[in-house]
Amino acid sequence: MRKLVIPKYFGRPSIGLALFGCTNRPFYHICVFPDRALGRRYESNILEQVGTFDPLPNSKNEKLVSLNFGRLKYWLGERNAHVSVPVLELLGLSGLFPIHPKTFVRARDNREVLKAKEAAAIEAASKKEDEEVAPEEQQSVAAKV
Amino acid sequence: MLTNSNVAFRRLFHSSVRLSCEGKKNKEVKPPEEAGWAFNHVEKKMGMYKPKHTITEQLAYMKSKAYDDAYKGLPIYRWVNRSYSRRHDFFCIDKHGRFNLNHACPVCRDEYLFFDYRNPALIEQFLADGTDQPIDILKSGLCREQYAQLKAQLLRAKEHGTIPFAVDFRNFDYRQWYKQWTDEPGKPVERAGVRLQDIHPDPLVSFPTFKNDKGNDWDEWWLRHDKFARKAK
Amino acid sequence: MLKFKPLLKSSLGSELRRGHSAWVKTNTSSSSSVDVEQLFIDDEVQKLLTNLTEIDLENKVFRARRTTIQQRSHFALMTEERLEKTMERMREEARRFLQFVPVKEPRTQTVKVLSQDPDLETFDTSKFVFTDITFDATDQDRTVVVREPNGLLRTSTPEEHDRMNRTYYQKPNRPVFPPSLFQDPFLQDALDRNEHEFVLDWACWFYEPDDPAFIELSHKIFDRINARRNFETITSTRHFGPFVFYLALNENIPPLLNHFGGTGRIKECANLIRLQKTLRPDWRVTIAKGDSDEKIVKDYLKQNNRFRDELTDLVAFLERGVIKSKLQSRETRTVATGARKQATVNARNVRGAEGPLGNLSEEYAVKVVKSEGSEGGDFEQRKLDKTPQRRGRWQRSSSKPRNKNE
Amino acid sequence: MLSAYQRLNVAAATSSASLLTSACTSSAQQQQRGLGRRMPKQGKPPILPPAKKVLYHVVHVPWQKPEDVKELLWRRHVYNNAVTSLREVFRAELQQNAAIGKGIESMKEAEEKELEELISENERRNKEKAAARAAREEAASRETKLTMLNEIEETLLKQKEAKRKSEQEVQAAIERSAHFVTKDNLETKVLAALENPVVYDFAIDKMGNKFPNPMPVKYQEGTPTRQKGRLYDETLGSKITATVIENTAEKSESSETERANV
């Protein structure tokens, strides 16, 4: 059963991404929730909004993130708020925090995928050359015969 | 309506027929200037396609005599037939380009007219004079689609500079830009913010602020007249 | 992948250019480092620039512009001296409207690299732009940081910085991406329509004064005004100060001198030469303290007769006191207004097109009837019997003619 | 999505509220409420328990590679230490700011101080304005008093003037009325009038010459006279010319006499 709770003073505040926007157009607010247990999807239990994150890149291939560093420091330092992983990654990328391990892992995985794709592409290219070479050989063989 | 005799000798044909003949590549289609502006016999256009024309044709058409005869220099929305019951959320043309109704809005019914930022004259007809805001949709008699086009093309025209408008006056505080500058900036100035009662405090002409004539329609008796007239009916 | 390589390299280039300000285009003889901002704030220069900007209330400062809300026009009957006092108040108000746009060096395009994380390579396909929205950060000192896909964390370029400001702190008429009016095909169209003031107003509202794009755009417009010689589009506006400053700094004031000379304003010519002298102290022309305007201009002409062919109107005015035709255009405007007052219809053109009937006079025979009384009828008669079968345009029965297309 | 949760929470709030208020609701309803499955409102879709697909869906997380685990272990430790130390740094920074006076509380105090200043400055300006207004009003009232006094004097003068004039008129009227006919001197007046009757029966022309038209006396005293002619035979015209000639003659003599004795 959900406990009767006054969001302002309950437990350890947590900073997370609250999904706004609509279908096919996600838009995240980085905001402070009273506690992880209460979940972050309930709009009216957001304590404060400390930033926004637009996951879709704009025409200049940029993902925009805005962070209210003053208030963020207050919640992190004073109120010792818990921070969710995506927000930690964002803070890592912004330089306030060190880079989050998960970002390293993702970067390495992306590199591997890219490498694999390139390798596949090279093979495909080489295979295509073989086919072109093969028919010529057959023609030359036919011509010889 | 082109009634005077010099129109007679021009080639009169149905505009949609012109559309079909465009399909046949062999017949060379003369530009409207020589061929003469299409003259639309069709009273009831329901179900017919609205022909497509280019912006250059529209510009030439708006300068042509046919346009002047049809609209006599008045803005287009003055010729809207107000006897039809006009809701503001009707669409003249459906998504396939066919007319939905017979009494189309002034822009849809005229085949050459469509809102475009390269033709500011047409957009300016629909602006409240002295401002860059479009007039009310009911007053303009436009359908919802054309009204949206009007607003969109107005914004594009502003962005491309074909319709100049009053940009707000930017008050610079020089101390913010130059370290050595010390003296205070003057009172911030606002575009169209100079009021006559500040410049010319004439005791005879009193502008009591609490009774300033903002928003009241003391000289628009017809608004009040309509209300009573309607009540009387 | 590293799109940014050139920019870092150019940062070195701009170092060299640092000494040489962006406002000084031609590396003239005195290409020494000129502190443009310092020069602009100098009292002497500010006074000269304000004197050079004439105040034209009706056509320029308070001309009819499109506002967002319709405003009622207020009328007041005044006595003559009251009118003079009001005009003085308007002039004082106009002086505040003619506040100059600050002349600033463009911000450096170099970016500071904050941190390099090679093993963050390709962590994401697109850049991340971080903006600080702490409430007490103003537009200028807000920190905007960009994380490249290759893991490089750097500060933002001026263009990005301003774009983020425009995104997160919106103002009316300030969209995120620069409007296409500031690019060329449309810019040239607007300038052909003599809307220089509108374009410059919007540019100084949209960009920051020290934004490289703004400075480059304003220089482009100034050059075109100077090339086309249509100075009246920019006189008595807030951009005339920077325009004259730009000309004087680059030492191509002859066209403007010619313009002032043509309209017979020697004081402005002298001020212009004094301005160039203050901006370029090592300029050959010597100006003594108590010189009269006339003398300064004559000295200038004597020493720089290589500009003689450009200064024809000035020379004409000095020698023969001839006011150039440019003034005529203003006079024609006044004449036009004056003409409207006289009667346009007289015996000669009463029958023709300029007469009362206008273009109707071709369709109908116009007979001038002296007395109001009996003959009035036959005039009507003649009009009717000439076109019995078709009723005249005015007698059309339905107030709304059948539309061409219905 | 959100609306579903809102409905759940609203349910929780209402249920808790109703729990508190209506203790004696029927046991069935309570039981139902206990299960958390409330009957949906009329015409609304029923509230269903989470679907089996969602309920029994098991997320199979792929095993991490062992070298990843090792590397992530030390990265995670380094990271967590860094984060805790950073929190410490932030806390210290906030305290320092608070100490220097840049913190939130100091900002609040600064705002209050500024507010007081503004209010006091406003009051000062109001006082000044009030003083100036009082001075202006006092001067204005003095001025109006003066003008009123002047006006009073003027009106008094005018009244005196009018009184004097009207007195004169009265005097004149009294003098004139000395020889009015009153009750007591009625008889004498009548007799006097009978003695010297004033005859108004005359015509007058522009020049002011009078042309009397006397009735024949004999006729008045009762003995009818012989009719010498018809009454209307007389026309003033003939008489007029005669008397006019006489008068002009007399006038010319008098003017000569005047001219003579001047």
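Biologist: At what angle do the axes of helix α12 and helix α13 of chain C cross?

Modeller: Bear in mind that this is a predicted model. The axes of α12 (residues 266-279) and α13 (residues 293-303) of chain C come within 9 Å. α12(C) passes α13(C) in a left-handed crossing. The crossing angle is roughly 60 degrees.

Biologist: Are α12(C) and α13(C) parallel, antiparallel, perpendicular or oblique to each other?

Modeller: Roughly perpendicular would need 65 to 115 degrees, and roughly parallel would need under 35. Their axes cross at roughly 60 degrees. The two helices are therefore oblique.

Biologist: Which residues of α13(C) does α12(C) meet, and how do the contact residues divide by class?

Modeller: From α12(C) come C:I266, C:K267, C:C269, C:A270 and C:I273. They meet C:D293, C:E294, C:I296, C:V297 and C:Y300 in α13(C). Counting both sides of this contact, the classes are 7 nonpolar, no polar and 3 charged.

Biologist: Over to the sheet: which strands stand at its edges?

Modeller: The open sheet has 9 strands with mixed pairing, in the order β5(A)-β1(A)-β2(A)-β3(A)-β4(A)-β2(C)-β3(C)-β4(C)-β1(C). An edge strand here has a single partner, so one of its sides is left without a neighbour in the sheet. That describes β5 (82-83) of chain A and β1 (113-116) of chain C.

Biologist: Which residue in β2(A) stands opposite A:C22?

Modeller: Strand β1 (residues 14-22) and strand β2 (residues 25-33) of chain A run antiparallel, joined by 9 bridges. Opposite A:C22 you'll find A:R25.

Biologist: At what angle to β1(A) does helix α2 of chain A run?

Modeller: Helix α2 (residues 85-94) of chain A lies across β1, β2, β3, β4 and β5 of chain A, together with β2 and β3 of chain C. Relative to β1(A), it runs at about 95 degrees.

Biologist: What classes of residue make up the side of chain C that touches chain B?

Modeller: Chain C gives 45 residues to this contact and chain B gives 41. Elements giving two or more residues on the chain C side are α2 (36-41), α5 (80-97), α7 (184-192) and α8 (196-206). By class, that side has 20 nonpolar, 11 polar and 14 charged residues.

Biologist: Which element of chain D has the lowest mean pLDDT?

Modeller: Chain D averages a pLDDT of 80, with 72% of the residues at 70 or above. Over residues 7-35 of chain D, though, pLDDT stays under 50. Helix α5 (residues 104-177) has the highest mean among the elements of chain D, at 94. The lowest, at 43, belongs to helix α2 (residues 27-35) of chain D.

How values were computed: Residues are numbered from 1 along each chain as its sequence is written. Chains are lettered from A and ligands numbered from 1 in the order in which they are written. This is a predicted model: local features need pLDDT of at least 70, side-chain atom pairs count only at pLDDT 80 or more; totals for chains, interfaces and linings use all residues. pLDDT is the predictor's confidence in each residue, from 0 to 100. Helices (H or I, at least four residues) and strands (E, at least two) are DSSP runs, numbered from the N terminus. Two residues are in contact if their C-beta atoms, placed from the backbone, lie within 7 Å. Two strands pair if DSSP finds at least two bridges between them. Axes are lines fitted to C-alpha atoms, for helices over the stretch in contact, and angles run from 0 to 180 degrees between N-to-C directions. Angles under 35 degrees count as roughly parallel, over 145 as roughly antiparallel, 65 to 115 as roughly perpendicular and the rest as oblique. A crossing is left-handed if the near helix is turned anticlockwise from the far one by less than a right angle, and right-handed if clockwise. Ala, Val, Leu, Ile, Met, Phe, Trp, Tyr, Cys and Pro count as nonpolar, Asp, Glu, Lys and Arg as charged, and the others, Gly among them, as polar.
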